[in-house]
Amino acid sequence: MGKQDIAAEFGKKGTVTDLSLYDRKESDVIKTWVTPSGFPDKIQPLLQSINLAEFVIFLVDKLDKFTGEQIIALDTLKKTQGILSHTFDVDESKLNSMIKGTVVEKYLKVEQGKLKEEMDKIQPTSNTDPPRMVIDQCFDVKGVGTVILGKVTCGTIKQYDNLKLYPAGIDVMIKSIQMHDDPVEESICPARVGLAVKGAKPDEVGRGDVIAKEGTVSVKSEIELDFTKSPFYKTDIAENQGCLVSVGLQIKAAKFSSIAPLKLKFEKPIVYNADDIAVILKPESTTIRILGSGPIK
């Protein structure tokens, strides 16, 4: 985040949309960097890139409203693990005042030239929860069929697993798995993988959809939040007012069906787990575009 082009120094550029991915394989570890390349023109890629990551690399090259928006987004999504650096022309005392009281204040502060050295010390994290993968791309490959790209966020996905695609609820079977263009029989979180699947067509799959074990996620068209409005968003909110909502990699249109308690009604169902953080966005706002947020009840 911040000065995004440094990602090219660390990995080889791969997929590029409004998110850009870079990766590098070192012995048996594959590292992936994601940048919100569609930001600051759009706020959505910023939230999606943060939700994809375990660790934050934040190189601040200017102190403007977009740097402020990135700090607010990181704090909103409670991204507590990160490395902070800045270019020579950034006033360190002003930056310190901007990050005061946020998760960014606790990031490891390093000189720009030592970013790679500190990143190399980061160790992969994992868990043994039921298998789950969040999707960022899907397409048809001739002779293979539907191929889904994404990140294993929980547990282990194995070849020939029978899982569900949510929120559609479609049964899918994992025909094959690739990591860094190499075939593997299983993939453990937090790996980025490509899956060839049977049971779903590309037009049935969207960014933010989830492949998971049946019964381990919730799908609803209305949710209630333990809501906190951003102190920087000054406009009042009202019932039936429209907004966009970010949950994981999903960005979906919704309306406020209730203000106290705060409830959101979606045009299309979303997939989530209890305590996932929903961030309410107003992309058309000329000031802060993050209205507020809260864990889903």
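The second largest pocket of this predicted model holds about 870 Å³ of space. A pocket is here an open set of points on a 1 Å grid over the protein atoms alone, with protein on both sides within 12 Å along at least five of seven lines. Its lining residues have an atom within 4 Å of a point. Grid points are joined across faces, edges and corners, and a volume is the space filled by probe spheres set on the points.

**Second largest pocket**

- Of the 33 residues that line the second largest pocket, N51, K79, K151, T153 and D276 are the closest to its centre.
- Two or more lining residues come from each of α1, β7 (132–141), β8 and β20 (262–272); helices (H or I, at least four residues) and strands (E, at least two) are DSSP runs, numbered from the N terminus.
- Strand β8 supplies the largest share of this lining, three residues.
- By class, the lining of the second largest pocket has 14 nonpolar, 11 polar and eight charged residues. Ala, Val, Leu, Ile, Met, Phe, Trp, Tyr, Cys and Pro count as nonpolar, Asp, Glu, Lys and Arg as charged, and the others, Gly among them, as polar.

**Largest pocket**

- The largest pocket has a volume of about 1100 Å³.
- Its lining comprises 44 residues, and I30, K31, T32, W33 and E54 lie nearest the centre.
- The elements giving two or more residues to this lining are β2, β3 (29–35), α1, β4, β12 (182–184) and β13 (186–188).
- With seven residues, β3 gives the most to the lining of the largest pocket.
- The lining of the largest pocket contains 25 nonpolar, nine polar and 10 charged residues.
- Domain 1 (5–121) and domain 2 (132–212) each give at least three residues to this lining; the domain bounds come from an automatic or database domain assignment.

**Salt bridges**

- Side chains of opposite charge can pair when their charged atoms come close.
- A search of the whole structure finds 16 salt bridges, a salt bridge being a side-chain nitrogen of Lys or Arg within 4 Å of a carboxyl oxygen of Asp or Glu.
- E54 forms a salt bridge with K151, and their closest N and O atoms are 2.2 Å apart. E54 lies in the loop between α1 (44–52) and β4 (56–60) and K151 in strand β8 (residues 145–154), so this pair ties together parts that are 97 residues apart in sequence.
- E54 is partly exposed, at 28% relative accessible area, whereas K151 is buried, at 9%. Buried means under 20% relative accessible area, exposed over 50%, and partly exposed in between (1.4 Å probe, protein chains only).
- D18 forms a salt bridge with R207, with the closest N and O atoms 3.0 Å apart. This pair links distant parts of the chain, 189 residues apart: D18 is in the loop between β1 (12–16) and β2 (20–26), and R207 in the loop between β14 (192–198) and β15 (210–212).
- D18 is buried, at 16% relative accessible area, and R207 is partly exposed, at 26%.
- E118 forms a salt bridge with K121, the closest N and O atoms lying 3.2 Å apart. E118 is buried, at 16% relative accessibility, while K121 is exposed, at 51%.
- Salt bridges that share partners also join R24, E26, K31, K116 and D120 into one network.

**Basis of the values**

- Residues are numbered from 1 along each chain as its sequence is written, and side-chain values use heavy atoms, with hydrogens and water left out.
- In this predicted model, local features need pLDDT of at least 70 and side-chain atom pairs count only at pLDDT 80 or more, while totals for chains, interfaces and linings use all residues.

Terms used
On a 1 Å grid over the protein atoms alone, a cavity is a set of points where a 1.4 Å probe fits but cannot get out, and a pocket is an open set with protein on both sides within 12 Å along at least five of seven lines; lining residues have an atom within 4 Å of a point.
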